[in-house]
Amino acid sequence: MKQRLFLPWVCLFLVTFWSAIAMTPSSAQLPWQSPPKPIDQILNTPLPPASTLSPNHRWFVEVERPPFPPLTDLAQPKLSLAGLQINPKTNGPANRYTFGRLTYRALPDGKPQTPNLPEDARLSFFNWSTDGERLAFALERETGWELWMLDLPSGKTQSLSEPILNATYGTPCRWLPGDEGLICKIVPDDRGAPPEAPSVPSGPAIEENLGRKAPARTYTNLLKNPQDEALFEYYLTSRLEKISLTRDRTPILPPTLIDDAIPSPNGESILLSTLHRPFSYQVPLSRFPKTTQVVNLQDKSLYTVAELPLADNIPIKFGSVRPGRREISWRADRAATLYWIEALDGGDAAREVAQRDALVELPSPFTAEPQTLWKSEYRFDDITWGREDTALVSEWWYDNRKSRIWKINPQNPTLEPQLIIERNYQDRYSDPGTPLTTLGDYGKRVLRFARDRESLYFEGRGASESGVYPFLDRRSLATGKTERLWQAKNPYYERIEDIIDDRASQIVTRRQSKIDPPNFFIVRRTEPSKSLQLTDYQDPAPQFTQVGKEVIQYERADGVKLTATLYLPPNYDPEKDGALPTIFWVYPEEFKDAATAGQITTAENAFSRPYGSSVLFLLLRGYAVLDNPTLPIIGEGDREPNDTYVEQLLMGAEAAVREVVRRGVSDPQRLVIGGHSYGAFTAANLLAHSDLFQAGIARSGAYNRTLTPFGFQGEQRNFWEATQIYMQMSPFTHAAKINEPLLLIHGADDNNSGTYPVQSERFYEALKGLGGTVRWVELPYEGHGYRSRESIGHVLWEMVRWCDRYT
């Protein structure tokens, strides 16, 4: 075991100073490489389509998933503003994934139909109408986004606009009820040219803080200067218009910086949120000053719901929120009733209070006093409206990992709320599932009641000691009793997509097994033999048919139960092939107790095929893969999990290695540790603190926690409150102890919080300066995950090459 190294304060200063200095590492240009066969061919195999079921259960729509985009797509112009990445040519998000050819069919047994669309159409922003009979979507052109619509009964598609939608942020269009059309954010006709940056700055960039606490986690793509502010206003300013089904355009509001615009269920009003100055260079636009108003579409009268100032000082403790009225929206079961949440603790989760949040409502015409419907002890989580006397509201709290679901009576809030469920939300075995919903009277999703009108349907994942088997329950609100109506059975992993009738006699499921790819079925619950298969998707990578897959269980030294998914190469023969080189692909998680840490949460019956730069591709090169071995970091009682992070990490890794070696499938002298993001951080730490592995792969990670001083992952203390923890957990501070070869990969445009590319750059410089064996690969135009065909192929080539060389 390697000796721990605790750096003195002078070394902390040097580490932080060094990390802040710009360095240009030595580099070499290498052409894009492709992984060996058959990995290369599998990457080019078409994917099964994506699908959606209409909310009225009448239509099944599929859209083609294109192959990985070429790097030229990612190289399109891009602006990084206030947490967004914008394509200035299209007034839309940069590098948004788009879908191709669209088909649809009537349920249950209609033939697939292909509506008329432009060749090579790029589709996104799908949105069902309130009656489920029409599907709106946006079509990307070279110069912008157009609004299109598919009328399902007739099968006709039509363009409802030119490329004028402003899709830079959020949903560009929302349906009005009936045949009224949609409201859309439109690029102003008279916007003019974008503001030009001055050739010479008019002055220095200055920020100051006069004693006010304003902690913030490490965000990316923020505003940096007045030019960015001007561009932000230019590209996000929209005019709100109504677009009819006959392409008529009716202006609703003049150009403004629209955050969101949501029609009331009856279509008579708009809930409009707008952003305002002063902007911030420290936090993204979700925390900018915001005004929320109700706009009447007939007389344009206004009711101001909330005016929120800049929220750049929300405490970093988990559960802290923006003070003031938040999560403002319409009740789904009423024509035009607002509701919102108000923090009773000032939004500060560190304050000791009896109640945290209040649920408040206000009906149209918004002249009465707002009425409080419910108050929570924990932080508000979600609400699902049902009918006048029934809604389900949930709350949660991070420190004790508790969650609760309550039944409230909105029409009589003086009645005591009824506690439906209370549990540790990390306890997957006790998860009751999620209540199913259906279209209500106003075309919004409301609770799906059973025929008795007193019971609800819940669908859940069904994790248990015997495995993961999804289920459908009927739960009585009066008694709390549940009846198991259906549950997946071996050899399938089958999940509920929806139920078709209020008896749940017919259900739509997505069924798969170890050898059968996911497909959709209409299942007659009492007559399963008469089930109807809706799709027939084929295996995109049959080379993996004979791959071995097993969810294994074992214990770490202190008795905590652990699990992992062990994959063995196709047709592996223990006697002939013996112990194999093995790749451990990891990602730890924090827990409050040992019992929940060791639960089985992986579905052994699920269909497993690699996608993108998945480590599972290396199975075709003769490697075994131990995927997601649980590495729980437990902090029971008042202790924080990270107080003993390294010790627990090592115990978990040692237990995993011991188990696969005991089984005879892994050669202890040919082990590779790897991971992505927090998994990369974990891999680097295991190399620094142990000699369990002979090589490592770390992709898009963060290695110096002094660069994320106001919290990271599950750590809610700041650097100055837990200095030793930050230092001990940073593999950067232990770089001198890493004597195994390490492959570092990072996207040059990583937009994830805390994982700036500089993290890999500085870590490489440290290891190189110390004489380590290290390779750093930076992928141009790529973000936190890798999207282009060139990058994905090259990453797999690097991984195969690294493992072949060092195991």
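A salt bridge here is a side-chain nitrogen of Lys or Arg within 4 Å of a carboxyl oxygen of Asp or Glu. Aspartate 73 and arginine 122 meet that definition, with their closest N and O atoms 3.7 Å apart. The two residues come from distant parts of the chain, 49 residues apart: aspartate 73 sits in helix α3, residues 71-74, and arginine 122 in the loop between β6 and β7. Aspartate 73 is partly exposed, at 27% relative accessibility. Arginine 122 is partly exposed too, at 34%.

Before I go on, please keep in mind that this is a predicted model.

Salt bridges. Side chains of opposite charge can pair when their charged atoms come close. How many salt bridges does the whole structure hold? The search finds 57. I will show two further examples.

One of them joins arginine 105 to glutamate 62, with 3.3 Å from N to O. Arginine 105 belongs to strand β6, residues 102-106, and glutamate 62 to strand β2, residues 59-63, so this pair ties together parts that are 43 residues apart in sequence. Are these two residues buried or exposed? Arginine 105 is buried, with a relative accessible area of 11%. Glutamate 62 is buried as well, at 9%.

The other example is arginine 326 with glutamate 327, where the closest N and O atoms are 3.9 Å apart. Arginine 326 is buried, at 10% relative accessible area, whereas glutamate 327 is partly exposed, at 44%. This pair is part of a network: salt bridges with shared partners join Arg326, Glu327, Asp345, Arg356, Asp357 and Arg379.

Next, the rings. The structure has 29 aromatic pairs. Phenylalanine 68 and tyrosine 611 make one of them, with 5.1 Å from centre to centre and 45° between the planes, and the pair is classed as tilted. How many residues apart are they in the chain? They are 543 residues apart, with phenylalanine 68 in the loop between β2 and α3, and tyrosine 611 in the loop between α6 and β42. Phenylalanine 68 is buried, with a relative accessible area of 14%, while tyrosine 611 is partly exposed, at 44%.

Phenylalanine 719 and tyrosine 726 are arranged otherwise. Their ring centres lie 5.5 Å apart and their planes stand at 90°, so this pair is edge-to-face. Both phenylalanine 719 and tyrosine 726 are buried. Ring pairs also link these two into a cluster with Tyr587, Tyr645, Tyr678, Phe681, Phe710, Phe712 and Trp720.

The charged end of arginine 484 sits over the ring of phenylalanine 471, 4.2 Å from the ring centre. Arginine 511 lies over the face of phenylalanine 521, at 3.9 Å from the centre of that ring.

Now the helices. Helix α7 covers residues 645-662 and helix α8 residues 678-689; they pack at an angle of about 85°, and their axes are 10 Å apart. An angle from 65 to 115 degrees counts as roughly perpendicular, and α7 and α8 are therefore roughly perpendicular to each other. Which residues meet where they pack? On the α7 side they are Tyr645, Val646, Leu649, Leu650 and Ala653. On the α8 side they are Tyr678, Phe681, Thr682, Asn685, Leu686 and His689. As for the spacing along a helix, an α-helix has 3.6 residues a turn, so residues three or four places apart point the same way.

Helix α4, residues 226-236, is the other helix to look at. Why is α4 described as largely enclosed by the rest of the structure? Eight of its 11 residues are buried, so the description follows from that count. The buried residues are Gln227, Asp228, Glu229, Leu231, Phe232, Tyr234, Tyr235 and Leu236. They pack against strands β3, β4, β13, β14 and β15.

Last, the loop residue. Where is threonine 526 found? It is in the loop between β36, residues 519-524, and β37, residues 532-533. Threonine 526 is exposed, with a relative accessible area of 64%. Threonine 526 and glutamine 506 are 20 residues apart in sequence, and their C-alpha atoms are 8.6 Å apart in space.

That is the end of the tour.

Notes: Residues numbered from 1 in each chain as written. Predicted model: local features only at pLDDT ≥ 70, side-chain atom pairs only at ≥ 80, totals over all residues. Heavy atoms only, no water. Helix = DSSP H or I, 4+ residues; strand = E, 2+ residues; numbered from the N terminus. Buried < 20%, exposed > 50% of the residue type's maximum accessible area, 1.4 Å probe, protein only. Phe/Tyr/Trp six-rings, centres within 6.5 Å; stacked < 30°, edge-to-face > 60°. Lys NZ or Arg CZ within 6 Å of the ring centre and 35° of its normal. Axes fitted to C-alpha atoms, helices over the stretch in contact; angles between N-to-C directions. Parallel < 35°, antiparallel > 145°, perpendicular 65-115°, else oblique. Contact = heavy atoms within 4.5 Å.
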